[in-house]
Amino acid sequence: MRKYSYLYLTALLAAASCKKTELDLFPYNQVETTQSFNTEQDINLAILGMYQGIRNSGSYYSGTWNIVADVLADNLIISQQGRQTLKTYGEWRYTGNATYGLFSGGYTIARRANAILENIDKFSAGTFKDNAKGEALAVRAMTYFDMSRVYSKTYQNAGPTDSTVSYVTSTDPKITPGKEPVKGFYDKVIADLTQAATLINSSNPVGSGIGSTNSRFNKASVNGILSRVLLYKGDYEGVINAANAALGTTPSIGTLTTFPQIWTDASDAGVLLKIKMTSIDNVNTLGTNYYQTVSGGIKSEYVVEYNLAQEYTSTDIRKSSYIQTSAFNGIMYNNVIKYAGRAGQPAGVVDAKVIRSAEVLLNRAEAYYRTGKTTEALADLRTLKLNRYTGYVAATDIYAGEALLTEILRQRRLELAFEGDRFWDLKRRNLPVMRDATKGENADGSGTKYVFSTLPAGDYKFNLPFPQSEINFNSNFTQNPGY
Amino acid sequence: MRKIFLFMLLCMSLAITQVFAQTKTVTGKVADESGSPLAGATISAVGGRGNATTNAAGEFSLTLSPKIQEVEVSYVGFANQRLTVTGQATLDIKLSRNNSSLSEVVVTGYQTLRRSEVTGSVAKVSGSELAQKPIGSFTQLLQGKATGLQATGQSGRPGANANIRIRGAGSINASSEPLIIVDGFAVSETAYNMLNANDIEDINVLKDAAASSIYGSRAANGVLVITTKKGKAGKPELRYSFQHGRSKAQELKNLKLMNGAEKLQYEYELGYTNPLIASKIQAEITAGRLPAGTTIKNLPEAQRTTFWNDLISTGAGDWSTYLLQNGNTTTHELSVSGADDKFKYYLSGNMNNNDGILYGSFWNRKTGRLNVEYAATDWFRLGTNLSVSHTKENFVRELNNTQNLYAAIYRFNPYEPVFTSDGKYNNTFQGYSPIEGTINNPDERQRISTFSSIYGEIRAFNHLTLKSQLGANYNTLKRESYSKPGSNLANILGYNSKTDQGNQDLLYTFTNTANWRQTIGENHSINILAGQEFTKDKFYSYLLTGRGLPSASFTTLENAGTPTAASTSRSEWALISYFANATYDFRKKYFLNLSGRQDGSSRFGANNRFANFWAVGTSWDITKENFFKVKQINNLRLKASIGTAGNFNIGNYDALGTYALSNKYFDLPAATPFRLPNPDLTWEENKNFDIGLEFAVLNSRITGSVDYYNRKTQNLLYPVNVSAATGFSSYVGNVGSLRNRGFEISLSGDVVRTKTLRWNVSVNYSNNDNKILELYSDNAATANSGSLNRLKVGEIANTYYLVKWAGINPANGKNQFYNIDGTITEKYSSGQSQLFPGKSPLVKYFGSIGTDLSYKSFDLSAQFYYSGGNYIMNYMYQIGANDGETKNIPQFTDVFNYWKKPGDQAYFANPLDASQNVTFDTDKYLEKGDYITLRDVTLGYTMDNKTVARLKYIKGLRIYAQGTNLWLSTKFRGLPEVGESNRESTSLVVPGAVTLYAYPQIKALTFGVDVKF
């Protein structure tokens, strides 16, 4: 009876295909969160995950962070031949529906640190545990500090009712935090960085070649960031101590020879912390924020503001490292070439410099000045200038009183231009943005002028609006005043 | 459940008995409604061997085995009819034309039923309505073909699918697309356009629970059951079809771009010196002929005119001339089909070359199909349906920038030249020429899809049919994208690169069913089906990239200087199902249908793996009642059903909280949080109520139906928002419930019905009312991406949420906005966004109006499609018509209507006021999407039987011309059929919500010949 055999065969096949275990399917490229922190290797992967987060954020070191503070302030002017990017920031037109993305971007990174901190106590005491904890604390503190710089008043300008984002320390998905006072927030940042500085290794190598010694936090870079935060707090003694720890006895800030090589990743001189952008990552945003090369010419989005361009003298090594004057469609522009890329590699792909010893030196110089140690301040200033100007003679470069501070701050602007500092620095010092309304974008100052030229000191637009989506969702959270 | 089923199988198989051989003869005559004999009609045994064809007088004689209880009579253009034959019989058969659907068969789920047995709401679309159209995907051809079925083309890209909504959008985030079953097995969405629509015999659209709940967890948004052609009894038929057509992009309605002179004038009025003018001025300054600091505003008028004339004479003018092309479509098809008492076969081959209307785009498809069924013995049949398709496509970019040819039309100024002075494509102010990009950065995609099933069927005890089928849909993609050395893109990026990428997707379904069919006495009929099914999908993909190829002539990665990526990935899902269906009828008058299904899915949380779905349907044939004496009414049937179905269209592993290991730092693996867990994640469930009335009057001259439905979706799958402070934006959860309800009306009438002239008019109308009933928490209040749309209890899903625009202040030319409290302000503030009740991207009503006229050998048909009630955020208009923000790119002529002096009632603000040079999302750009289009018009000539009879080799000939989308009427500014915003802007997920340079819909004229040998 063939009929029977067919029937049995069918029944057999039917039975075989229906095991419930067939439904237990798991992803091939993921691990369940509960199984993600069992071994030291897991922690190491999670540590690299934090840096990957910084590398991956469109509002941070692989995004517009290297330009937005310059666009918001007076270092750059929009080129009419560009794609009209970031106009929202250049014209101070941000709203809750179109604002800077570091709010979610920052918390994404902080969560990665928080997950490590929540799990690290599973491990036995020792260097591994201390260093992992230190790195996580440092990443979290730096990220939160930068979020606060974007959205809130800085420490010295904040009153007791001024608030900033919440200093979230857990990975609980159910939280709906409100805001917290600026001053307490800064204290938490400083406490974390201080603890990190004691826990972290003095060296955390990763990968090979350029960037292998400074693409993760270490003792020096944590102290460097700490000096930056303390400068915003106005704790100048603290700045000096942290800067001393970061700089060591002989600060290496890049020489006239090595300085240009920093920007093509041929040298790590003076780069305390960078976020590695490999050629395979192929993130070219840092470069394309400024320009693309089209038909052999530099087609800039933003070019150097006319008066700032004049500040760079011909003996200043920063001039040729940062600026290239060239024509596009017959019109000359001062283009920013700081992120042109590495030799022979994809255009615009270059490591993101998070903190350099030159900044720490300038932090210390300012702190010395503000604590009355003008000799030390002048010495730091001269150290910087000796490594930036050809034919510089320190002995004849004398500043005193207010002029010394002015020169320190001028050098700060020249040194850190196009590196994401200017707008936050103006905000720290409670200064207005004063753009020259008579100058256009062309190299000779002609061309299209700024649409909006002044942002008064303390204007609400110094504190960018929070994303409307968070306000809609989270009833504990409120928008910044003015929006 | 499984054990019971196995036990049942076992019992049945042991009880099988032998059948004695005997025969009976059935004779008769087949005629049409008016009594004219039909020559060549087929009479075949149902459930066994034996068939016959009628002679010129319509007569036939057929010898059958005595166990055969039914014969089926079929004739092209007429509805099939089944008749019960008990003993020797003489049958007088009258067939009715296809439009009277009383006796047709319906493929619902796992079995074929007579129309009268179906208690659910099922619309049938005949293959002939979809055949020979110049549109690649059958999903787009379904537009207007059935009530309750809304098909909106995703775009006009050749081969683009349609978004299909059956009775409204029942889901918000999980796909609202119906399940598509081809010859009994589910197919992947990527394969829809790989089917040759000409191979389709019919599509049954299962709209309500009674019809669809047998498909359980995938049926919440309806099911399309597609049956491909089988060989028909009679002599083998060889058919050749040829079709050739030309297509063009539809032009934007109610909008006109400025020409060169207008644009330059507008720029001048706004004081904008464009880069071409700027470099001309600069040259004059350098030559000392103009003073430094000259701009467009202080340029002497004569000089300005000279510059303008220069620009206009060298400019491209209408960029669409260069960025678009005329599309050619050419199709050749050859098919052979036939059947004898052992074999049924259908073999077809089709070649379709389809040029798109964007420069350089094309989509070419070749398909082959072989459907064979073999009756091995009286009780055992086996068969296979096998189709293989190949497509080759040049993928042109589709995103919101000038890499998209279509967007470039709205980005390149008419005064910018096409070529530079050295003969290269001009990169324009935008810095990129998509024409050069299409030539030098080709992106070729080839797909191979197979649809294959093999089945065996055993009949036993007269009443039992056991069927096993293994169906597989295997899809592969091979993509090669090349940024050639020396191309503009390679120069910008600083490297050339090649990408080889692809995937393999195997979706297979193993189905086993047992069907018991019996008529007990005169009064009772039962039809019981039980079955079990296992479905699994295995997806595998690879990605290889390299940089630094030596020259454009080397196209393989072995020549790359630096390999940069070598990556593979996999994912899977599985579904285990048990199902049953029982139909009972009393005297073919009262019908009852029960169905149930249990599904277990790998996609859901461990706590909710399995779910049960059920349905009850009833129908009442009123004409069978003794009290019913209205002779003019020849069909009146009332139906009602209620039941449930589910939706499992979410990611494969959405319930698991995970860390991903696929991210890198410093080229080393890194662990990054990927997803929040939701072990309670469960099925979206649809509860569906339907009541309907079918009728036919005046000898079926007027037929129609009216349906009312109410569909409630519970446990909506949607991202549950979390605070951004958690480092996540959302996780997939169940957030609430919504309801769709509406009416469907269809009417068809033969206005004239004589031997030579027939004129039919049909109308169908569907409306749908969508409403969010419940949200389990406020966490779903905002869409997960973008902030244009919101979910709010009591409102339509994805109701727009925007700041309300209050016009231009006549006093100062500034934009005004409404605050939530109704006061008017000149300051835009996102916190003052408000809901726009009743305005959402969802269509509220749609339908079609069709007419068919045939006179002797000629026929003329037209189908209009209309749709409306939806709103569209018109970003294309916003980008081309605002208050001076985008003065550097082409503008629509509307913007000349800007405020110039106090008192002006203008639509646009004063663009000279810099504070106004910014565009906000307000309801100013929110527009009604109502439209009506002449979707299809066909004029044909079919050679009549007499003439054919005189020809030696030809058995039939048809010549036709057809127009697609020839006419469109709308008040919308642009093209109102909006599917996807564009293929690459994937973050704008709500279909139909925004316009953003999607590949435009086409209008086409095609000509075709169909010859039968």
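Is A:Tyr460 buried, exposed or partly exposed, and what is its relative accessible area?

**Entry 1: A:Tyr460**

I looked this residue up in a predicted model, where local features need pLDDT of at least 70, side-chain atom pairs count only at pLDDT 80 or more, and totals for chains, interfaces and linings use all residues. My side-chain values use heavy atoms without hydrogens or water, residues are numbered from 1 along each chain as its sequence is written, and chains are lettered from A and ligands numbered from 1 in the order in which they are written.

A:Tyr460 turns out to be partly exposed, at a relative accessible area of 30%. (Buried means under 20% relative accessible area, exposed over 50%, partly exposed in between, with a 1.4 Å probe and protein chains only.) I found A:Tyr460 in the loop of chain A between strand E13 (454-455) and helix H18 (468-473). Helices (H or I, at least four residues) and strands (E, at least two) are DSSP runs, numbered from the N terminus.

Next I listed contacts (heavy atoms within 4.5 Å). Neighbours within four places in sequence aside, A:Tyr460 touches A:Pro481, A:Gly482, A:Tyr483 and, on the other chain, B:Lys827. I also checked A:Ala242: it sits 218 residues from A:Tyr460 in sequence, and their C-alpha atoms are 32 Å apart.

**Entry 2: confidence**

For the complex, the predictor gives an ipTM of 0.94 and a pTM of 0.89. Chain B has an average pLDDT (the predictor's confidence in each residue, from 0 to 100) of 90, and 95% of its residues score at least 70. I made a note about residues 1-21 of chain B: their pLDDT is below 50, and the stretch has 30 contacts in the model beyond near neighbours in sequence.

**Entry 3: chain B overall**

I counted 12 helices and 51 strands in chain B. Its C-alpha atoms fill a box of roughly 110 × 70 × 65 Å along the principal axes. Of its 1013 residues, 59% count as buried. Among contacts in chain B with a separation of 6 or more, 69% join residues 24 or more positions apart.

**Entry 4: cavities**

How many cavities of 30 Å³ or more does the whole structure hold? My search found 16. (On a 1 Å grid over the protein atoms alone, a cavity is a set of points where a 1.4 Å probe fits but cannot get out; lining residues have an atom within 4 Å of a point. Points are joined across faces, edges and corners, and a volume is the space filled by probe spheres set on them.) The largest cavity has about 210 Å³ of space. Its lining has 26 residues, and B:Met876, B:Leu975, B:Glu977, B:Val978 and B:Ala998 are the closest to its centre.

Conventions
1 Å grid on protein atoms, 1.4 Å probe; cavity = no way out; pocket = protein on both sides within 12 Å on 5 of 7 lines; lining within 4 Å.
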